[in-house]
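Reader: I am new to reading protein structures. Could you walk me through this one?

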Amino acid sequence: MKVEQSEYLRGIKPVLVNLRDRLLEEFPYASLLAQDSMAKNYSVSKTSTGIQMNGMLSGRGFVAKVYDGTSYAEYSFNELSEEKIDEIVTEIRTKLIPMSAHLPEGVKKSAYAMLADDPLVFSDSTEYEIDPKEYGDEKIIAQLTKFSEAGRAYSDKVLDCNAFASYQKCSKLFLSKNRDMEQNILWMCGGVVVMATRGEEVKESYKGFSVLGGAEILEKIGKKVEEIAQTALDLLESEPIVPGEYECICEPGVTGMIAHEAFGHGVEMDMFVKDRALAKQYVGRQVASELVNMHDGAAAAKEVASYFFDDEGMLARDTLVIDHGILKAGISDAQSAMHLGTVPTGNGRRENYERKAYTRMTNTYFEAGSNTVEEMIASIPYGFLLQNASSGMEDPKNWGIQCMVDVAREIKDGKLTGKIYSPIVLTGYVPDLLKSISMLSDTVELGGSGFCGKGYKEWVKVSDGGPYIKAKIRLG
């Protein structure tokens, strides 16, 4: 089934059309983005059960964007009627546009061309199997309660098991002189955290799940509860690792974190504009093994970061960032692309209608290779299988990377020994790490249970992943 369009946006569209036409009487370019979204969070643990609206992901509002012949201005608002059109146009004309003549000291005004506005009428929706709203809060909580109880019952060493889920249904309209675009997106994600204890020691195992769809994700979560609980118990037996460089195999979740941190943020081209990304100097040069192909794009995969057009009215694309080890392109929003003289890649994204559009990642991943996981493990005399990525940091200006991984399973003479090391800090210089990739598995997995910020704010949904990869990595 396909996600239905918003009744609210359908009803307010004639007013939006009138507002657009009024703005076009005064400005050579004007566009409107309208958003109607609703999101909900659920969680069940030993001590609490919770259901709440997600304020960051829920709301109705609008963004008007206008061009005065040299630069652009945006005005966001959440009240719209025929009676308010004059007020909105006046606010933009008399208060917003004059601001460019009173910039803070040290801030220069840039001149931009007018955005391309090729004719396009478009409407599409993502698909789902089970609508979480229709499925209902009671059934979702019942499923999560079942998962939490199963995790707690797995062993008397399990201290607690938190099962959680969330979803967002989001509808957007984009109108300009020549464009009339609509999209309706539904995603759902969730996960399980199991805490195990031995004496005063507590270890935690987490796994997230996501789908461009609905409550069908719950069945997938339920099948992995015992596996997550067992990993928590295994971690009770873990030891600190001896720091050093090792041959490693990264599971898709760790591969995705490397893709996201190493060459996701590093090729966001608004950072090129500010000279804050070393990747700007390496376009057309080798930055990874010849085996490596990397993509980003809302149209590159079907996951939680997928959409049909971005928040600036640019169609979603599949951008080949790395082609057989060569850095081919970055990703961009419309403003950055104009500044750099490149083509927008459909990566202009807002946290919500009150926020500016920045260049943001979407679905970021490495392509598959031709090896099996068994072949990869058998090829390692001594090393580790890295699992359960937990967090990462990057330095786009110097290409450093630091990621946290919960599990390193020892490999000796081409076999897993059963010994586990934890916690693990994965560090290195990005090109060195990517150039060391020597094998990739023949299957790809993506996931997007979390969010990504631009620095410390501007949170948007992203997914990442890839195949299992074999590389030389510094662990500590």
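Here is a friendly set of questions and answers about a predicted model.

Reader: How far apart are the end C-alpha atoms of helix 4, and what span should its residues give?
Author: Let's start from the length of the helix. Helix 4 covers residues 137-153, which makes 17 residues. At 1.5 Å a residue, the span should be 24 Å. That agrees with the model, where the end C-alpha atoms are apart by 24 Å.

Reader: Which residues of helix 4 are buried, and what arc do they cover around the axis?
Author: The buried ones in helix 4 are Ile140, Ile141, Leu144, Phe147, Ser148 and Gly151. They are on the same side of helix 4, because around the axis they cover an arc of only 120°.

Reader: Which residues are exposed on the other side of helix 4?
Author: Exposed here means a relative accessible area over 50%. On the other side of helix 4, the exposed residues are Glu138, Lys146 and Ala153.

Reader: How many disulfides does the structure hold?
Author: A disulfide needs two cysteine sulfur atoms within 2.5 Å. For Cys170, the nearest cysteine sulfur is that of Cys189, 15 Å away, and Cys170 is in no disulfide. Cys189 is in no disulfide either, with the sulfur of Cys170 as its nearest. For the structure, the number of disulfides is zero.

Reader: Is Cys170 buried or exposed, and what about Cys189?
Author: The cut-off for buried is under 20% relative accessible area. Cys170 has 9% relative accessibility, so it counts as buried. Cys189 has a relative accessible area of 4%, so Cys189 is also buried.

Reader: Why is strand 9 described as largely enclosed by the rest of the structure?
Author: Strand 9 runs over residues 244-250, seven residues in total. It is largely enclosed because the number of its residues that are buried is five.

Reader: Which strand pairs with strand 9 in the antiparallel sense over seven bridges, and which one runs parallel to it?
Author: Strands of a sheet pair through backbone hydrogen bonds, and the pairing can be parallel or antiparallel. The seven antiparallel bridges of strand 9 go to strand 25, residues 469-475. One place to look is Cys248, which stands opposite Ala471 in strand 25. Four bridges join strand 9 to its parallel partner, which is strand 16.

Reader: What is the bridge partner of Ile249 in strand 16?
Author: Strand 16 spans residues 382-395 and runs parallel to strand 9. Within strand 16, Ile249 has as its bridge partner Leu385.

Reader: Which residue of strand 25 is the bridge partner of Leu440?
Author: Strand 25 is mostly covered, with five of its seven residues buried. Strand 20, residues 439-440, pairs with strand 25 in the antiparallel sense over two bridges. In strand 25, Cys250 has Ile469 as its bridge partner. For Leu440, the bridge partner in strand 25 is Ile469.

Reader: And which residue of strand 25 is the bridge partner of Thr427?
Author: Strand 19, residues 424-429, and strand 25 run antiparallel and are joined by two bridges. The partner of Thr427 in strand 25 is Arg474.

Reader: What kind of ring pair do Tyr29 and Tyr72 form?
Author: A search of the whole structure finds 15 aromatic pairs. In the pair of Tyr29 and Tyr72, the ring centres are 6.2 Å apart and the planes are at 75°. Planes over 60 degrees apart count as edge-to-face. The pair of Tyr29 and Tyr72 is therefore edge-to-face.

Reader: How many residues apart are Tyr246 and Phe384?
Author: Their ring centres are 5.0 Å apart with planes at 85°, so the pair is edge-to-face. Both Tyr246 and Phe384 are buried. The pair links distant parts of the chain, with Tyr246 in strand 9 and Phe384 in strand 16, and the separation in residues is 138.

Terms used
Residues are numbered from 1 along each chain as its sequence is written. This is a predicted model: local features need pLDDT of at least 70, side-chain atom pairs count only at pLDDT 80 or more; totals for chains, interfaces and linings use all residues. Side-chain values use heavy atoms; hydrogens and water are left out. The expected span of a helix is 1.5 Å times one less than its number of residues. Buried means under 20% relative accessible area, exposed over 50%, partly exposed in between (1.4 Å probe, protein chains only). The arc is that of the directions from the helix axis to the C-beta atoms. Two strands pair if DSSP finds at least two bridges between them. Rings of Phe, Tyr and Trp (its six-membered ring) pair if their centres lie within 6.5 Å; planes under 30 degrees apart count as stacked, over 60 as edge-to-face and the rest as tilted.
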